[in-house]
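Here are a few friendly notes to read alongside the model. Please keep the structure open as you go through the points.

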Amino acid sequence: MADERAGLKSLLRGAIVLGLATALFTLVNPFTSDTDKYTPNQAGICQQVAPLSPTNKQVEHFIRDKTESPAYHKEIINKLSKIIQIPSESYDDLGPIGEDPRWDVFYQVEEYIKAQYPTVLKTVQLDHANTHGLILTWEGSLPASEAKPILMLAHQDVVPVLPDTVSDWAHPPYEGYFDGEIIWGRGATDDKGYMISILESLDLLIKSGFKPKRTVILAFGCDEEISGENCGRPISDFLYKKYGDDGIYLIIDEGSVGIQTEFDQSFAMVSVAEKGYLDVGINVTSTGGHASNPPDHNVIGILSEIIHEIEASPFPGKVTHNNPMFGFLECAAVHAPPSSFPNAVRNQLSQVAKGNTKAQQQLAHELDHLRYYFRTSQSVGKINGGIKINAIPELASTMINLRLAVETSIASVQKHYEDLIKPIADKHGMVFEGFHSAYESTEVHKISLFGVDALEPAPVSPIDAESFRILSGTIKNTLQPLDNNQDLIVTTYLMPANTDTKFFWPLTKNIYRFTPINLVLNLNRAHTVDEFIRASEFVREPLFFATLVLNADDVA
Ligand SMILES: *[C@@H]1O[C@H](CO)[C@@H](O)[C@H](O)[C@H]1NC(C)=O
Ligand SMILES: [Zn+2]
């Protein structure tokens, strides 16, 4: 996945213990009458489906036997190790495909896939979206109008390894070193392990003799870690042209958490939404002049005032039932060991579900260490202004990065900034240009706000959909809890960063971001040195993806 989610996650992991312990002792609960709904093992809340086994037992046994054999493990570990050796880095400043030679490494990825998966390539149709976007279509016997295709996404590109950090790696980042337990290297988790696993699932299914009714599509982007514009979007355009609105049964893509223990309970965390994204730019302009005759407040001072005001007015936190994290809290309330789930949180859930704003805010406060799952974040990332010490600056500007809470929108976040900053413009007698102005004012004394790279929060995928039941049943059937004495509880979760799925919203409501391994520990390294994946987890992935295809085919 793109972005710095790993750091956030490790922060949360450390903090949650402390934070919840504090919450336990400090909260005075005003809503005791409603606590009954969220008692342990309460039926009806966070209902779990039974393990779902494919009807075609012959195919299932073929795949189970194969994926449990040490020889197979050795083979796919080697395949992953070799694809890690192709340094398919995507850089922020890449030029267009066909012009910038740094894209050419993606030809090697394609060649590698063709060489390793001849059976797959003989069976599927391979299409290219903008040269390096790969789309593999395994046509089902039913037309897409009768059985919508299932789509599995992964990305070929990796986050660049900074030259200065190469020596910090325990094993060279592009060696794909396997130490008998762990496969090391850039892309091991993000996202080449995932890509190899879904390719393997297809290979296994084809070799088992299985013939799908429902079309199976694999698609591999080349720039997920940057914009997604070069492959992510073209792939989505290609599929949209072919299948149209709501034309896909379900999409599965990499997740942010995977299988994880929280509140002493093992969860399979399926991200059913992503936070939104917005970069806000602010320009403050005025007349320059000689520093010996300055105004009381020049553009740098006024920009400082603006930034101070922004940081003094953070977006409020609120836990609402529209947030998939509320679903997670519900799951934890009924399935985690009772003593491990704070009553302070449990006691708020009913009121939160009823839309009690005060309870929603209070719960966000209790869960302050998970704060950015429940609020819009803002981070001032860049500031520029002034050229010369003895000249009054004419322009000062800043860029602020925001991650939008699921309940909010680009428009409401923009309004928050306009309401905050317009009074500052008025105070200084400056023209104010909001986000939707034509920017035509020739006035030099002005404050202009503009948005760059805007993305609304992702629609929340419905969990009452058949496809979510199929996914849950597949998880239950093929994956293990981290603690063998527990059931693995499937829960919704929220992705704080963005994946290529941002381009696929029109194609289906059923978008699930889930990696079938204990991702958190691995992800702590995903965008930094010593990225790795544990072999014991990686080798279980193909069974999960193959079973998902089979289960989805059974309801076609
Ligand atoms: C903000 O300032 C930059 C740098 O001078 C300029 O390129 C950009 O057009 C300005 N944008 C607005 C909306 O004023
Ligand atoms: Zn990724």
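1. Some ground rules. This is a predicted model, in which local features need pLDDT of at least 70 and side-chain atom pairs count only at pLDDT 80 or more, while totals for chains, interfaces and linings use all residues. Residues are numbered from 1 along each chain as its sequence is written, chains are lettered from A and ligands numbered from 1 in the order in which they are written, and side-chain values use heavy atoms, leaving out hydrogens and water.

2. Back to that second largest pocket: its volume is about 530 Å³. Cys46, Gly327, Ile463, Phe468 and Thr492 are the closest to its centre among the 27 lining residues. Two or more lining residues come from each of α9 (324-335), α14 (466-478) and β16 (489-495), and α9 gives the largest share, five residues. On a 1 Å grid over the protein atoms alone, a pocket is an open set of points with protein on both sides within 12 Å along at least five of seven lines, whereas a cavity is a set where a 1.4 Å probe fits but cannot get out; lining residues have an atom within 4 Å of a point. Points are joined across faces, edges and corners, and a volume is the space filled by probe spheres set on them. Helices (H or I, at least four residues) and strands (E, at least two) are DSSP runs, numbered from the N terminus.

3. Around ligand 1 you will find Asn283, Leu395, Tyr439, Ser448 and Phe450, each with a heavy atom within 4 Å of the ligand. This shell has three nonpolar, two polar and no charged residues. Please look at Asn283, where a polar side-chain atom lies 2.2 Å from an oxygen atom of ligand 1.

4. Two backbone spots deserve a look. A cis peptide bond, with omega about 15 degrees, joins Asp190 and Asp191, and Asp191 lies in helix α6 (residues 188-207). Asn130 is not a glycine, yet has a positive phi of about 50 degrees; this residue sits in the loop between β1 (125-129) and β2 (133-138).

Notes
A polar contact is a pair of N or O atoms within 3.5 Å; within protein, one must be able to donate a hydrogen and the other to accept it, and residues adjacent in sequence count only if both atoms are side-chain atoms. Ala, Val, Leu, Ile, Met, Phe, Trp, Tyr, Cys and Pro count as nonpolar, Asp, Glu, Lys and Arg as charged, and the others, Gly among them, as polar.
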